[in-house]
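Subject: Handover of a structure

Dear colleague,

Please find the structure below for your records.

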Amino acid sequence: MHKHGRDRILGIAYSDRDLVVFLEGAGLDDPEGVLDDPGWVEWRGGGPHEWKAA
């Protein structure tokens, strides 16, 4: 999360649901609506909605 000029890691998500929970906790009103928006979510280690064991 980027807030007040600082980056903060909210946690490691292992599913879309985990990510939604993090975004809800950060105060987003519609966290499911931003999952496909690269301005809100940066997917690392794979494409959007790809959840593989590391």
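**Findings**

Histidine 49 counts as partly exposed because its relative accessibility is 34%, where buried means under 20% relative accessible area, exposed over 50%, and partly exposed in between (1.4 Å probe, protein chains only). This histidine lies in the segment after α1. The phi angle of histidine 49 is near 65 degrees, a positive value in a residue other than glycine. In general, most residues other than glycine have a negative phi.

Two remarks on provenance are in order. This is a predicted model, in which local features need pLDDT of at least 70 and side-chain atom pairs count only at pLDDT 80 or more, while totals for chains, interfaces and linings use all residues. Residues are numbered from 1 along each chain as its sequence is written, and side-chain values use heavy atoms, with hydrogens and water left out.

**Overall architecture**

The chain has 1 helix and 2 strands, and from the N terminus on its elements run β-β-α. Helices (H or I, at least four residues) and strands (E, at least two) are DSSP runs, numbered from the N terminus. Along its principal axes, the C-alpha trace spans about 30 × 20 × 15 Å. Of the 54 residues in the chain, 19% are buried.

**Charged residues**

Glu24, Asp29, Asp30 and Glu32 form a negative surface patch. Patches are made of residues with over 30% relative accessible area and no salt bridge, like charges being joined within 9 Å. Asp and Glu count as negative, and the place of a charge is taken as CG of Asp or CD of Glu.

Arginine 44 forms a salt bridge with glutamate 42, and their closest N and O atoms are 3.1 Å apart. Both arginine 44 and glutamate 42 are exposed.

Valine 41 is found in the segment after α1 and is buried, since its relative accessible area is 8%. The C-alpha atoms of valine 41 and aspartate 29 are separated by 15 Å, the two residues being 12 residues apart along the chain.

Proline 31 also lies in the segment after α1, and a relative accessible area of 7% is why proline 31 is buried. From C-alpha to C-alpha, proline 31 and valine 21 are 8.1 Å apart in space and 10 residues apart in sequence.

Isoleucine 9, by contrast, is exposed, because its relative accessible area is 73%. This isoleucine is found in the loop between β2 (6-7) and α1. Isoleucine 9 and leucine 28 are 15 Å apart in space, C-alpha to C-alpha, and 19 residues apart in sequence.

Yours sincerely

Definitions and conventions: Patches are made of residues with over 30% relative accessible area and no salt bridge: like charges are joined within 9 Å, nonpolar side chains (Val, Leu, Ile, Met, Phe, Trp, Tyr) within 5 Å. Accessible areas come from the Shrake-Rupley method with a 1.4 Å probe; for residues, only the protein chains shown count as cover. A salt bridge is a side-chain nitrogen of Lys or Arg within 4 Å of a carboxyl oxygen of Asp or Glu.
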